[in-house]
Amino acid sequence: MARKSAKTAILEAAFEIIENGNAQQLTVDAVIAKAGVSKGGFFHHFKSKEALLATMVDWLLHAFEADLAGINTTEPMTAENIDAYVAHGFSGGGARFRTGVTVLAIAAHQPELLEPIRKHFRKRAAAIQANAKK
């Protein structure tokens with residue numbers, strides 16, 4: 001089995017801290033201890049805790065889209081695709097659970113980092129609304 005990269009270990013550690021604790025427990029020191037990397041290793045991959053949070057947002061959006069594999073979410077969305085998208089969004093586990101808890105933590109630390117998530121879901125909502133008007 002391939003050894004995971006330090007960057008992956010850091011990201012996974014940050015997600016685990018959030019999922020198993022609360023937003024205040026997400027510190028650089030807690031992440032490096034859980035990931036088993038040095039402080040220098042952390043800062044080699046992330047310039048700051050905010051950079052880590054921004055990367056987590058990006059990962060979440062990509063993971064959410066990957067979870068949608070097989071569901072055509074391109075515009076125009078058909079009624080069947082809208083149903084599948086909504087059902088996907090309300091099912092549990094996977095990226096959706098991780099998204100929820102991470103969004104809460106990010107909102108507590110750096111609310112402005114949520115803008116990419118807002119843009120993503122505004123775009124999806126607009127596509128659904130455009131289809132609903134047809």
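1. Glu115 and Arg118 sit three residues apart in helix H7 (residues 115-132), about one turn of the helix. This is a predicted model. The two side chains meet in a salt bridge, 3.3 Å from N to O. Glu115 is partly exposed, at 28% relative accessibility. Arg118 is partly exposed too, at 37%.

2. Glu115 also forms a salt bridge with Arg122. Here the closest N and O atoms are 2.5 Å apart. Arg122 counts as partly exposed, because its relative accessibility is 46% and that class runs between 20% and 50%. Shared partners join Glu115, Arg118 and Arg122 into one salt-bridge network.

3. The structure holds four salt bridges. One of them pairs Glu16 with Lys34, at 3.7 Å from N to O. This pair links distant parts of the chain.

4. Now the aromatic side chains. The structure holds three aromatic pairs. Phe42 and Phe43 have ring centres 5.0 Å apart and planes at 80°, so they pair edge-to-face. Phe42 and Phe46 form a tilted pair, with 5.7 Å between centres and 40° between planes. Phe42, Phe43 and Phe46 make up one aromatic cluster.

5. Phe46 is buried at 2%. Phe43 is partly exposed, at 39% relative accessibility.

Definitions and conventions: Residues numbered from 1 in each chain as written. Predicted model: local features only at pLDDT ≥ 70, side-chain atom pairs only at ≥ 80, totals over all residues. Heavy atoms only, no water. Phe/Tyr/Trp six-rings, centres within 6.5 Å; stacked < 30°, edge-to-face > 60°. Buried < 20%, exposed > 50% of the residue type's maximum accessible area, 1.4 Å probe, protein only. Helix = DSSP H or I, 4+ residues; strand = E, 2+ residues; numbered from the N terminus.
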